[in-house]
Amino acid sequence: MPRPIEALIHPDALAHNLARARAQAPDARVWAVVKADAYGHGIQRVFDSLRSADGFALLDLAEAARLRALDWRGPILLLEGVFEPRDLELCSRLNLWHAVHHEQQIDWLSRHKTHQPHRVFLKMNSGMNRLGFAPTAFRSAWARLNALPQVDEISLMTHFSDADGPRGIAHQVAAFELATRDLPGERSLSNSAAVLRHMGPAAAGAGLASDWVRAGILTYGSAPDFPEHHSAHWGLQPAMTLRSRLIGLQALQPGDTVGYGSRYVASAPLRIGIVACGYADGYPRHAGSGTPVLVDGVRCATVGRVSMDMLAVDLTPVPAAQLGTEVTLWGNGPHGSRLPIDDVAQAAGTIGYELMCAVAPRVPVTVS
Ligand SMILES: *Cc1c(COP(=O)(O)O)cnc(C)c1O
């Protein structure tokens with residue numbers, strides 16, 4: 001028998017979550033963002049469930065090639081554009097649309113030999129200060145691109161820094177609109193948080209127009225604005241379950257300690273279970289005592305440090321637990337139970353994005 005840990009990918013949840021993005025932005029086309037191997041879920045594993053998307057957005061050219069190998073003929077967008085001139089050859093060959101966010105990428109395009117002009121997404125830095133042309137430089141970048149025979153259609157995009165928080169998006173939308181007002185082309189502005197918080201019924205009247213929205217984390221069922229809103233609030237379902245089993249049991253007496261560094265000290269007699277899951281599986285080592293875990297679907301708490309291959313759980317809420325009892329680290333558990341990945345991430349001082357991307361290659365994955 002293999003070690004009992006496994007990850008399950010849930011096709012129905014992926015399709016459901018994508019439909020939620022569509023319902024929020026009914027007039028927009030939806031990019032399913034599948035960078036980082038579909039946020040750790042595996043591009044091949046999510047592809048069938050997401051093929052109703054209008055396109056796939058990612059960063060890595062090899063991942064784009066994998067999508068074409070799956071026979072996806074629709075749009076693919078490289079969110080960071082090309083990294084060196086010869087990447088443009090692959091864009092021509094595989095018909096990849098690509099972001100253009102700095103002058104050098106325009107230089108490379110101007111020297112690129114292609115029979116098929118490219119569709120590009122010109123990116124504005126509207127305040128995040130990561131990628132893109134400043135609003136004052138945007139127009140001249142657009143004019144340069146527009147003059148190139150290598151370029152076909154130019155779309156306009158920007159990215160929000162605070163769509164999930166109190167600062168919001170208004171200042172960036174204003175900067176974008178001011179600098180693009182009389183430029184033609186389709187627009188792409190919203191990430192998951194903007195789709196959920198600034199579009200749809202809740203934002204009625206806010207009028208965030210977008211021809212293409214970029215649905216990332218919501219597709220995978222984590223709330224971008226947790227803990228203000230939980231995934232259930234947004235009607236999202238977990239696309240991944242990480243589960244394992246109890247492989248050890250210990251009866252502690254007061255004063256007994258658990259794990260490396262003796263970070264947990266029992267203050268009363270306590271029954272604990274040892275779970276076959278550790279940081280070498282991608283479980284966060286910084287999840288301290290008290291991190292939620294489901295044992296046979298019942299919410300319990302970890303005790304002590306996470307080690308490479310194991311972690312310990314206080315079994316007080318489930319006296320019937322025994323060797324082999326199912327443990328849900330996140331996602332769907334038995335008897336209709338559920339542990340949102342965001343709850344675990346919060347206990348570990350991180351976000352759902354990081355946990356789902358970090359599931360280790362040694363964890364077997366099945367689609368079910
Ligand atoms: C990753 C990414 C997204 C998706 O973000 P989510 O918060 O996961 O929805 C959208 N746009 C760009 C440019 C990105 O890099």
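**Note on cavities and cysteines**

1. The second largest cavity holds about 50 Å³ of space. A cavity here is a set of points, on a 1 Å grid over the protein atoms alone, where a 1.4 Å probe fits but cannot get out; its volume is the space filled by probe spheres set on the points, which are joined across faces, edges and corners. This is a predicted model, in which local features need pLDDT of at least 70 and side-chain atom pairs count only at pLDDT 80 or more, while totals for chains, interfaces and linings use all residues. Residues are numbered from 1 along each chain as its sequence is written, and side-chain values use heavy atoms, without hydrogens and water.

2. Lining residues (an atom within 4 Å of a point) of the second largest cavity include Lys 123, Arg 130, His 159 and Gln 172. This lining divides into three nonpolar, five polar and two charged residues.

3. There are three cavities of 30 Å³ or more. The largest cavity has about 80 Å³ of space; 13 residues line it, and the closest to its centre are Tyr 220, Gly 221, Pro 238, Ala 239 and Ile 341. Because domain 1 (11-234) and domain 2 (240-367) both contribute to its lining, the largest cavity lies between them; the domain bounds come from an automatic or database assignment.

4. The model has zero disulfides (pairs of cysteine sulfur atoms within 2.5 Å). For Cys 300, the nearest cysteine sulfur, that of Cys 277, is 15 Å away. Cys 300 is buried at 6% relative accessible area (buried is under 20%, exposed over 50%, partly exposed in between; 1.4 Å probe, protein chains only).

Definitions and conventions
1 Å grid on protein atoms, 1.4 Å probe; cavity = no way out; pocket = protein on both sides within 12 Å on 5 of 7 lines; lining within 4 Å. Nonpolar A, V, L, I, M, F, W, Y, C, P; charged D, E, K, R; others polar.
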